[in-house]
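Me: I'd like a close look at one part of this model, please. Could you take me through the sheet and then the ring contacts?

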Amino acid sequence: MKYLDEYRDPRLARVLLDELHRTTTRPWSLMEVCGGQTHTIVRQGIDEVLPPGIRMIHGPGCPVCVTPLETLDRAMAIAARPEVTFTSFGDMLRVPGSHTDLLALKARGADVRVVYSPMDAVALAQQQPDREVVFLAVGFETTAPANATAVLHAATLGLTNFTMLVSHVLVPPAMTAILDAAECEVQGFLAAGHVCTVMGWTEYEPLAARYRVPIVVTGFEPLDLLEGILMAVRQLEQGRFEVENQYARAVQRTGNGPAQEAVRRVFRISDRAWRGIGTIGASGLELADAYAAFDATRRFDVGRLTAAEDPRCIAGRILTGLSVPTDCPAYGTTCTPRSPLGAPMVSSEGTCAAFHRAGRRRPAGAAVSGGAR
């Protein structure tokens, strides 16, 4: 299969691993930013065959996981209204808010629907002019262009019954916050390839220089990740701190210009709360004033809700790489994919779900550590 099987070749994986073992002379800690990369690393056991001392720290790159509790509670409040058809991607339906989730609301009769694209929600608004159709727009730079395009399309159609509940987040400010944290042990990053197909990697260049960390734009297949790890370790061993591109088959330095223009036209940068982490300055997108008519928080006046996390969930430490799922007393006991306490266990990209799916177990007598694992 073109562009798939060739990145899963066991013989080539062994070649890369051998080179990684020859290159490594000391311990290094690397963070993969994307939840998709985390799932490949854990599912394939890549972290278990690396040279001794090479530690993979799992980052906050799961869009479902970092959607703040307050946004979910606003989503529930809007979805419960009788005049509303509430739309979202499937992952979001089971993410717990303070008191319930969208799937439970749907079971109680709310008009909650799974869509595969924001344009599906726009189409619903066209088909149901007597209903208020709301789309929950989450994600990183990867999904923002499609959501911007949906708003532009709705504006062109003159729709007055379509709105978005926006909770977009941006990767570079999150990486900066991680590096600024006192407990940070990250010495290099594997940057998410799909994010960089949109934004390119120019924003990472000052980050690499300022914090003296290599950043390697990396794909999602096993050989992509092994090569990305090797490139990052080579830089660390040589004392270089640059941005390199392992994912050259998909990413260009300046990214996708038209996609960036659509995002700039529809959204503006804002401070944004990250679930389990807190507010990070200039780390989010919200609708620009010109498109305020499509803002669901203004349409339904749900901006002042308060929320409280389940105290048993340590999602914040997991999302910032300070703990791993098996550190959590609730992991695999009171928190499972069937009854999740937090978003990292719900989402298909969540770190807790990746560990649980791979059968990783808590060590006997394990407890939550005060620092990194």
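Reply: Here's the sheet first, then the rings.

A word on the ground rules: this is a predicted model, so local features need pLDDT of at least 70 and side-chain atom pairs count only at pLDDT 80 or more, while totals for chains, interfaces and linings use all residues. Residues are numbered from 1 along each chain as its sequence is written, and side-chain values use heavy atoms, leaving out hydrogens and water.

Reading across, the order is β4-β3-β5-β6-β11-β10, with mixed pairing (strands pair if DSSP finds at least two bridges between them). At the edges are β4 (112-114) and β10 (267-274), each pairing on one side only. From one strand to the next, the twist averages 25 degrees (axes are lines fitted to C-alpha atoms, for helices over the stretch in contact, with angles from 0 to 180 degrees between N-to-C directions).

Now zoom in on β3 (residues 84-88) and β5 (residues 132-139): they run parallel and are joined by four bridges, and Phe86 stands opposite Val134 in β5. Elsewhere on the sheet, helix α9 (residues 171-180) lies across β6 (162-169), β10 and β11 (278-287), at about 175 degrees to β11 (contact means heavy atoms within 4.5 Å).

On to the rings: there are three aromatic pairs in the structure (Phe, Tyr or Trp, the last by its six-membered ring, with centres within 6.5 Å; planes under 30 degrees apart are stacked, over 60 edge-to-face, the rest tilted). One of them is Phe89 with Phe135, edge-to-face because the centres are 5.5 Å apart and the planes sit at 80 degrees. Phe89 is in the loop between β3 and α6 (102-107) and Phe135 in β5, so this pair ties together parts 46 residues apart in sequence. Phe89 is partly exposed at 25% relative accessible area, whereas Phe135 is buried at 0% (buried is under 20%, exposed over 50%, partly exposed in between, with a 1.4 Å probe and protein chains only).

Phe220 and Tyr247 are edge-to-face too, with centres 5.9 Å apart and planes at 85 degrees, and both are buried.

Finally, the charged end of Arg249 sits over the Tyr7 ring, 3.6 Å from its centre (NZ of Lys or CZ of Arg within 6 Å of the centre and within 35 degrees of the ring normal). Arg360 likewise lies over the face of Phe355, at 5.3 Å from the ring centre.

Key. Helices (H or I, at least four residues) and strands (E, at least two) are DSSP runs, numbered from the N terminus.
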